[in-house]
Amino acid sequence: MNHHLFIQSNHISLRPFTMEDQAELLCLIAQPEITNVLPEWKMTVEQLKGFLQFVIGSYEQFDPGDVRVMLAVIHNVDQRVIGWCGVFPNDMLDASDREVAYAISRDHRSKGYMTEAVRAISRHLFEHTSLERIVGIVKPFNMASRKVLEHAGFRLVSRRRLADGADYDYFELIGKESGQTGNDQPPARVRLRRAQMEDAAMLTETCTRAFDQAMKEWSKGPDDLDPNLCPPGYSSVHMHRYVIREWDYFTVELGDCLIGGVSVQVLGRAYARLDKIFIDPAWQGRGVGAQVVRLIEAAYPEVAVWRLETSGRQPNNHHFYEKMGYERLYSSKDEYGYEKRLHRSVPKPMLDEGSVEWIQAHLEEGRISSSNLSRLRVTDCNLSGSRFTNLNMTDMLLADLRLSGSVVEWGALDGIHFRDTHLGAERRPMQWERCDLAGTVFRDCDLSGVQLDGCSVKGMKIDGVAVEDLLAAYERCKLGEKND
């Protein structure tokens, strides 16, 4: 056996596998925490036996000039196999790449053992082989594996789409004797692309990771729903589809891979609102956000004034926007408002023009009547307490708004479509009175606790079953119980 492959560390050791390890290894690969991420390890007993024989046979052929090795990770206290760690080629990477791969039992996670193993095998191979560089690839959602590489000193290089069609973050660790510093590569260069409906799922996934990280860092717990820190619907694919459809929404891409998104509301000919920027946590702190802001400003050369709001809890956001030239308009515990005025002329509204623009207009308690407001765009305005009566509001879009406590009365709702609504943080229920809802469809809705009092349910169905039949069956059951 090749004795150069025994590596000692503080809490764990690495050694070559033996056939006596088969039972413990079989227990490891029975854990879904491992096979869900590494499906190729779903082996039968016979398949594992053959694979283990192959691994053991490779030790005598170990070549310091062509590193291919997989070692057992042993807990130093009880001397049990708790995982594995190895460095070898990967068919999806360049032929010269040597990837570090690893897995650990669920009973020994979050203790630093795998970071210690990766660090130990990397140091050992740099000292005893001609290897000068080790790489690691991690799927974006696998935060635990990412932390292992980061804590072991690996540097994030890029995001790549590999031969299996999936996106991976590509890390590298440079040996001290290679003459490279790890800083030789320029900062990642990103590009913007107008989002399409097929991007909604990936945007949702990336946005969720970004805001979940913000919530974890800045919120007081899962019930602390700060709408500035945690935008409503940020984890809903339907919300992202809505933004793609109605706003200017861009993907932030590195190579062929999506690493973030940015949405813009154009408020007027020279005004726009930067609604939100989100960057995958793996790419935060690498200058991506600054590139995105500059690219967005360049994409809208007509915009002279940019506005945005951000959470009052995130001083890193405040520092970032101020560094990018934004000036604070107001600040509170919950929200900071910023504005950036570029050196461009701002057109003044002309009342005789067909499409007049009102920006930051103070119309409190104003009155508008007998006016043509068709195709009006109202965005980012406070309409609380307003009254809309005797109006033609056909084919309107009412979206991304708060209607808490509002009343819709004496309205023709024929053909109206309610989609992706909610009851707010306080869960105050809606009330429907004297409403004609004949033929209405409720699909994929939470109707728990809903009451129907004095309503005609003729022809109404629940999951395809007529309510009249359900009520009749209920009455028969009651009658049967009474006769018993």
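Met92 is in contact (heavy atoms within 4.5 Å) with Ile137, Leu162, Ala163, Asp164 and Tyr168, leaving aside its neighbours within four places in sequence. Met92 sits in the loop between β4 and β5 (99–104). Strands here are DSSP runs of E with at least two residues, helices are runs of H or I with at least four, and both are numbered from the N terminus. Met92 counts as partly exposed because its relative accessibility is 26%. On this scale, buried means under 20% relative accessible area, exposed means over 50%, and partly exposed lies in between, with a 1.4 Å probe and protein chains only.

The model is predicted: local features need pLDDT of at least 70, side-chain atom pairs count only at pLDDT 80 or more, and totals for chains, interfaces and linings use all residues. Residues are numbered from 1 along each chain as its sequence is written, and side-chain values use heavy atoms, with hydrogens and water left out.

Leu14 lies in strand β2 (residues 12–15). Leu14 counts as buried because its relative accessibility is 1%. Not counting residues up to four places away in sequence, Leu14 touches Leu5, Phe6, Ile7, Leu71, Ala72, Val73, Cys85, Ala117, Ala120 and Ile121. Ala72 is 58 residues from Leu14 along the chain, yet their C-alpha atoms are separated by 5.5 Å.

Leu14 also belongs to the largest nonpolar core, which has 77 residues. Such a core is a set of buried Ala, Val, Leu, Ile, Met, Phe, Trp, Tyr and Cys residues joined through side-chain atoms within 4.5 Å. The residues with the most contacts inside this core are Leu14, Phe17, Trp84, Leu274 and Trp306. Helix α4 supplies the largest share of the core, 8 residues. Another core lies apart from it and has 18 residues, among them Phe211, Tyr234, Trp247 and Leu258.

Two helix pairs were examined next. Two packed helices are described by the angle between their axes and the distance between the axes. Axes are lines fitted to C-alpha atoms, for helices over the stretch in contact, and angles run from 0 to 180 degrees between N-to-C directions.

The axes of α4 (residues 113–128) and α5 (residues 143–151) come within 9 Å and cross at roughly 45°. That angle makes α4 oblique to α5. Angles under 35 degrees count as roughly parallel, over 145 as roughly antiparallel, 65 to 115 as roughly perpendicular and the rest as oblique. The crossing of α4 and α5 is right-handed. In a right-handed crossing the near helix is turned clockwise from the far one by less than a right angle, and in a left-handed one anticlockwise. Met114, Thr115, Val118 and Arg119 of α4 meet Lys147, Val148 and His151 of α5. By class, this contact has 3 nonpolar, 2 polar and 2 charged residues. Ala, Val, Leu, Ile, Met, Phe, Trp, Tyr, Cys and Pro count as nonpolar, Asp, Glu, Lys and Arg as charged, and the others, Gly among them, as polar.

The axes of α6 (residues 200–218) and α7 (residues 237–246) come within 9 Å and cross at roughly 120°. This crossing is right-handed. From α6, the contact uses Ala200, Ala201, Leu203, Thr204 and Cys207, and from α7, Val237, His240, Arg241 and Ile244. These residues divide into 6 nonpolar, 2 polar and 1 charged.

Several loop residues complete the picture. Gln61 is in the loop between α3 (45–58) and β3 (69–75). Gln61 counts as exposed because its relative accessibility is 58%. Gln61 and Val45 are 16 residues apart in sequence and 25 Å apart in space, C-alpha to C-alpha. Gln79 is found in the loop between β3 and β4 (81–88). Gln79 is exposed, with a relative accessible area of 51%. Its phi is positive, about 60°, although Gln79 is not a glycine. Asp420, in the loop between β15 (335–341) and β16 (461–462), has a positive phi near 55° and is likewise a residue other than glycine.
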